Amino acid sequence: MSRQPVLNRQTFNFNSYPAAPLKITGGQAELQVNLEYPEASNPRTVRWAKGLYQQSGDNTVFANRLMQYFATENFSYTLTPPVMPAAPVDAFLFEARQGFCAHYASAMALAFRAAGIPARLVSGYQGGDLISAKVMNVYQYDAHAWVEASLDGKTWQQFDPTTMVAASRLLYGFQSAFSNQQQDLPLFSRNRAHNVPALAQLYQFADTINYQWNRWVLGFDGATQQDMFTRLLGNTSMERMTLFMLAVVLFIAGLLAFYFVPRPAPRIKSESLRLYQDAQQEIYKVTGIARHNTSARTYARHVSGHINAAACTALDNFVKVFEAIEYQPGDHTKQRQLLRQHFKQLKKSLRHHPAK
């Protein structure tokens with residue numbers, strides 16, 4: 001528990017004991033508090049839960065039937081459920097049948113209480129992104145809600161009705177399970193990283209660096225930090241600290257540039273290919289038609305109706321010579337000279353057209 005709002009990231013060391021029973025420590029007072037509910041707010045749910053309990057006759061059977069109800073009645077998990085202002089649990093259970101974890105948990109908790117079984121809504125986190133075998137980043141989108149009910153009056157037992165509708169939420173985490181409902185997110189959003197391998201690797205690399213920085217630098221007290229910088233720099237003067245931080249920023253900027261700055265297109269060594277690319281550019285200026293992946297001959301036929309007769313003739317001659325140079329063996333010295341002449345004629349003929 002925190003007495004102040006948690007605004008910064010925090011690091012915790014945990015040990016897990018999943019088989020340990022959650023004992024009721026507050027006695028009958030704790031059980032009584034978790035039996036209360038506003039009886040007039042969702043009357044249909046209250047009647048339904050009481051009737052289902054009478055049919056079950058046993059707390060465990062009743063709990064299993066509640067879970068099965070979510071699995072068999074066409075419920076769906078969505079991040080954008082409809083608004084249910086009046087009797088929201090009634091509307092959710094019997095009409096809308098769609099919502100996220102808080103809808104399922106609160107509905108099940110009310111059903112337990114209406115049947116006379118103490119229950120409470122539990123909110124926390126489920127899932128996270130592994131950095132290493134024993135280190136995990138937990139984000140706000142990993143927030144989850146489930147139910148704890150006391151079937152024996154001595155311990156709390158966990159129930160997660162969301163898993164009956166969206167098991168992948170529990171098995172694979174929020175990101176992987178519901179990435180199809182996040183299409184409007186920014187291109188480089190962390191939420192999209194699970195569908196883009198290169199982006200996922202970049203985020204994992206950044207998370208690893210960030211974790212090590214928090215662990216070995218920010219996690220130290222003032223004296224330890226000062227000692228570490230003294231060992232690295234010899235003297236922690238303002239000038240040296242500024243140069244050190246500048247070096248770190250430049251290093252990170254260099255890594256980002258390596259990943260994201262586009263590489264220049266390779267220079268074309270073949271004169272015939274270079275002339276053919278120049279010819280495409282001249283034709284594109286006039287017609288606005290790009291070649292894409294079509295062959296030279298197909299592209300010439302495609303643009304023939306958009307250029308004048310002289311340009312068509314020059315282009316046809318140019319393509320014939322170009323194909324001979326590229327696909328026929330032998331010495332093409334004379335043909336390359338002829339290709340230059342046809343290119344000049346094509347360029348001259350296209351000047352009569354306004355640019356697109």
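At what angle do the axes of helix H2 (residues 43-56) and helix H4 (residues 88-96) cross? In this predicted model, they cross at roughly 65° and come within 7 Å. That makes H2 roughly perpendicular to H4, because angles of 65 to 115 degrees get that label. On the H2 side, the contact uses Pro 43, Arg 44, Thr 45 and Trp 48, which meet Val 89, Asp 90, Leu 93, Phe 94 and Glu 95 in H4. Sort the residues of this contact by class and you get 5 nonpolar, 1 polar and 3 charged.

Two of those contact residues, Trp 48 and Phe 94, lead us on to the aromatics. They belong to one aromatic cluster together with Tyr 69, Phe 70, Phe 75, Phe 92 and Tyr 104. Across the whole structure, a search turns up 17 aromatic pairs. Take Tyr 69 and Phe 75: their ring centres are 5.6 Å apart and the planes sit at 65°, so the pair is edge-to-face. Tyr 69 counts as buried at 13% relative accessibility, and Phe 75 does too, at 10%. Phe 75 also has the charged end of Arg 97 over its ring, 5.8 Å from the centre.

For a stacked pair, look at Tyr 139 and Tyr 141, with 5.3 Å centre to centre and 20° between the planes. Both are buried.

Now over to another pair of helices. The axes of H12 (residues 296-303) and H13 (residues 309-327) come within 10 Å and cross at roughly 175°, which makes H12 roughly antiparallel to H13. Ala 296, Arg 297, Ala 300 and Val 303 of H12 make the contact with H13 residues including Leu 315, Val 319 and Phe 322.

Technical notes
Residues are numbered from 1 along each chain as its sequence is written. This is a predicted model: local features need pLDDT of at least 70, side-chain atom pairs count only at pLDDT 80 or more; totals for chains, interfaces and linings use all residues. Side-chain values use heavy atoms; hydrogens and water are left out. Axes are lines fitted to C-alpha atoms, for helices over the stretch in contact, and angles run from 0 to 180 degrees between N-to-C directions. Helices (H or I, at least four residues) and strands (E, at least two) are DSSP runs, numbered from the N terminus. Angles under 35 degrees count as roughly parallel, over 145 as roughly antiparallel, 65 to 115 as roughly perpendicular and the rest as oblique. Contact means heavy atoms within 4.5 Å. Ala, Val, Leu, Ile, Met, Phe, Trp, Tyr, Cys and Pro count as nonpolar, Asp, Glu, Lys and Arg as charged, and the others, Gly among them, as polar. Rings of Phe, Tyr and Trp (its six-membered ring) pair if their centres lie within 6.5 Å; planes under 30 degrees apart count as stacked, over 60 as edge-to-face and the rest as tilted. Buried means under 20% relative accessible area, exposed over 50%, partly exposed in between (1.4 Å probe, protein chains only). A charge sits over a ring if NZ of Lys or CZ of Arg is within 6 Å of the ring centre and within 35 degrees of the ring normal.
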